[in-house]
Number of protein chains: 2
Amino acid sequence: MTIRMELGRNSYDIVIEDGCLARAGERLDLARRVLVVTDDGVPPAYAQRLAGQCKTGVVATVAHGEGSKSLDTLQTLLQTMLDAGFDRGDCVCAVGGGMTGDLAGFAAASYMRGVDFYNLPTTVLSQVDSSVGGKTAVNFGGVKNIVGAFWQPKAVLIDPKTLATLPPRQTASGLAEAAKMALIADRELFELFETQDVSSCMERVIEGSVRIKKSVVERDERESGLRRALNFGHTIGHGIESATELTHGESIALGMLPMCSDAVRPRLLRVMEKLGLPTEVRADREKVYRAMLHDKKSDAGALTVVRVDEAGSFRMERVEPEALRPCIEMVVKA
Amino acid sequence: MTIRMELGRNSYDIVIEDGCLARAGERLDLARRVLVVTDDGVPPAYAQRLAGQCKTGVVATVAHGEGSKSLDTLQTLLQTMLDAGFDRGDCVCAVGGGMTGDLAGFAAASYMRGVDFYNLPTTVLSQVDSSVGGKTAVNFGGVKNIVGAFWQPKAVLIDPKTLATLPPRQTASGLAEAAKMALIADRELFELFETQDVSSCMERVIEGSVRIKKSVVERDERESGLRRALNFGHTIGHGIESATELTHGESIALGMLPMCSDAVRPRLLRVMEKLGLPTEVRADREKVYRAMLHDKKSDAGALTVVRVDEAGSFRMERVEPEALRPCIEMVVKA
């Protein structure tokens, strides 16, 4: 299946298809120098499969984890491109999760002020969320995603077969992000989480999530207004992620709970339990609070948060940071 | 005088006016956190004058010269913004020459994936050329402008009064860039260089240059086709700049000479002599040649160069790098 992201001259196709990684050359222009960025947590066969289809494929394998989402690693990629003689007609591909996509995307955005970028996400989280939308970034000075660019890919190839090799915890973390999108925009998709065996309907979950993200991104390519609804759970979630060992998905799932109405919260709790996600975490609440304040969604003191009163809908609310302390206490146990 | 750059939602005003730096607050939104980036070759009073008009003005002074156009200095600026609590509603101003504008512009482009940028150029070169067009970049791995972004300023304020403090060599270097634009697009402006005392008609020179750059940039915001005409003299010029102690302007003036027809070349030579620009340089020709090949305008082996057969016009030509050796020999003496 192909979903077209309509963004004027930045439009691109998102292909969701079993086995499409092995046939990438049919859809992507690989007849040039191609930097294939992957990480050492991804089966190396994936990047090799892609590089083998390129005229000149250069594989760069970075260490897995947020630590690689840095200006240092970015420089390593830029140097690799420079050493291999990349010019502005060449391109960058990401094969891996969200970290790889963000890092590789920023390398593509900044090398020679921008070269083509293809994203081939291989984790649930990146397939349902981060590969779509054009956000690229690295972390800096202890703050997530503080340095980056909006840079749309030329195409996204989603091969659900690559999910078979994922550890269960990573799968659950990715599904948290899909549940988030269902909660803010697709009641039926959320009910599917409540009633079905999710692992047996992954394509439906990926497609539903990508369609939600597509509609939000198309209406507002640069971040403001509606697009911010995708940050549901992220304000407190980023604070939790910075202050604990939880994954991004686990953290934002916890961040969503306090932002749900009393009617929706127990339903989300049951879905989280079913997916194997934690429903609380032990951490220093003050540390979570302070990490949250460094989150880039802050804006002149007050914060904009997303609330869900009914499954499939959302509203934005401006709140003083202090008002979020009880929300943190709901899910972070001292 | 105000010239409007028409780039859709990226449109902005270019103000050319004696004393406009001291009245910047009338035209720019300075009622926020403002990073004022300047260099230690610029009279500090200029940056202070601007910072004094800001709600929260933070002056960052970098060392003058190309050495500061680096990812290291970029990180220093980003850290300064982070430390001062900048969010996406805040902004960056450049007060200085092209280096400062390119560096500060890239900091603005990448901090939080982009904050507002104002450019207040204080050198001839930046007033006639580099402050207009939205190119930002730093050098990396020994290659000029290899990492950066297209990021349009929200406004450009050009105060010709700031030119009074410039050393004569820097003034001449900047005028070389203006002569370049005249040669490719404005015969009358070039004749002004031939017949008038240039220092007595600087506003006319700045306005003429900015109008040329405006028309080219508007037709092609991202680099390709027509915009490349602005690279007249830059292919060989960048090679000379990398391999010698000459300034950017001196280098591209030398780079233009071999690209002129036999009819135009003696006219340009006389203008260069009049402006006090060198008309040849002693250097290792092979070093110039190799530095030229690393220039980012290369593209799949062959190079695109700009040629001027008649003053006020240009044509593009694809050439093999080897074909440029005699051109280098014309202006680089072994």
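Predicted model: local features only at pLDDT ≥ 70, side-chain atom pairs only at ≥ 80, totals over all residues.
**Exercise 1. Find which residues B:Ala179 touches beyond four places in sequence, and place B:Ala179 in the chain.**

Start with contacts, meaning heavy atoms within 4.5 Å: leaving out residues up to four places away in sequence, B:Ala179 touches B:Phe190 and B:Phe193. Next, location: B:Ala179 sits in helix 5 (residues 168-185) of chain B. Helices (H or I, at least four residues) and strands (E, at least two) are DSSP runs, numbered from the N terminus. Then accessibility: B:Ala179 counts as buried because its relative accessibility is 3%. The cut-offs are under 20% relative accessible area for buried, over 50% for exposed and partly exposed in between, with a 1.4 Å probe and protein chains only.

Residues are numbered from 1 along each chain as its sequence is written, chains are lettered from A and ligands numbered from 1 in the order in which they are written, and side-chain values use heavy atoms, with hydrogens and water left out.

**Exercise 2. Work out the strand order of the open sheet in chain A, and what stands at the edges.**

Here, two strands pair if DSSP finds at least two bridges between them. The seven strands run in the order 1-2-9-6-5-3-4, with mixed pairing. Strand 1 (2-5) and strand 4 (56-62) of chain A each have a single partner strand, so one side of each lacks a neighbour in the sheet. At one end, strand 1 of chain A pairs antiparallel with strand 2 (residues 12-16) of chain A over four bridges, and A:Ile3 has A:Ile14 as its bridge partner.

**Exercise 3. Is strand 5 (residues 91-96) of chain A enclosed or open, and what does it pair with?**

Six of its six residues are buried, so strand 5 of chain A is largely enclosed by the rest of the structure. A:Cys91, A:Cys93 and A:Val95 point one way, while A:Val92, A:Ala94 and A:Gly96 point the other. In a regular strand, side chains alternate between the two faces of the sheet.

Now the partners. Strand 3 (residues 33-39) of chain A runs parallel to strand 5 of chain A, joined by five bridges, with A:Val37 paired to A:Ala94. Strand 6 (residues 116-121) of chain A is also parallel to strand 5 of chain A, over six bridges, and A:Cys91 stands opposite A:Asp116.
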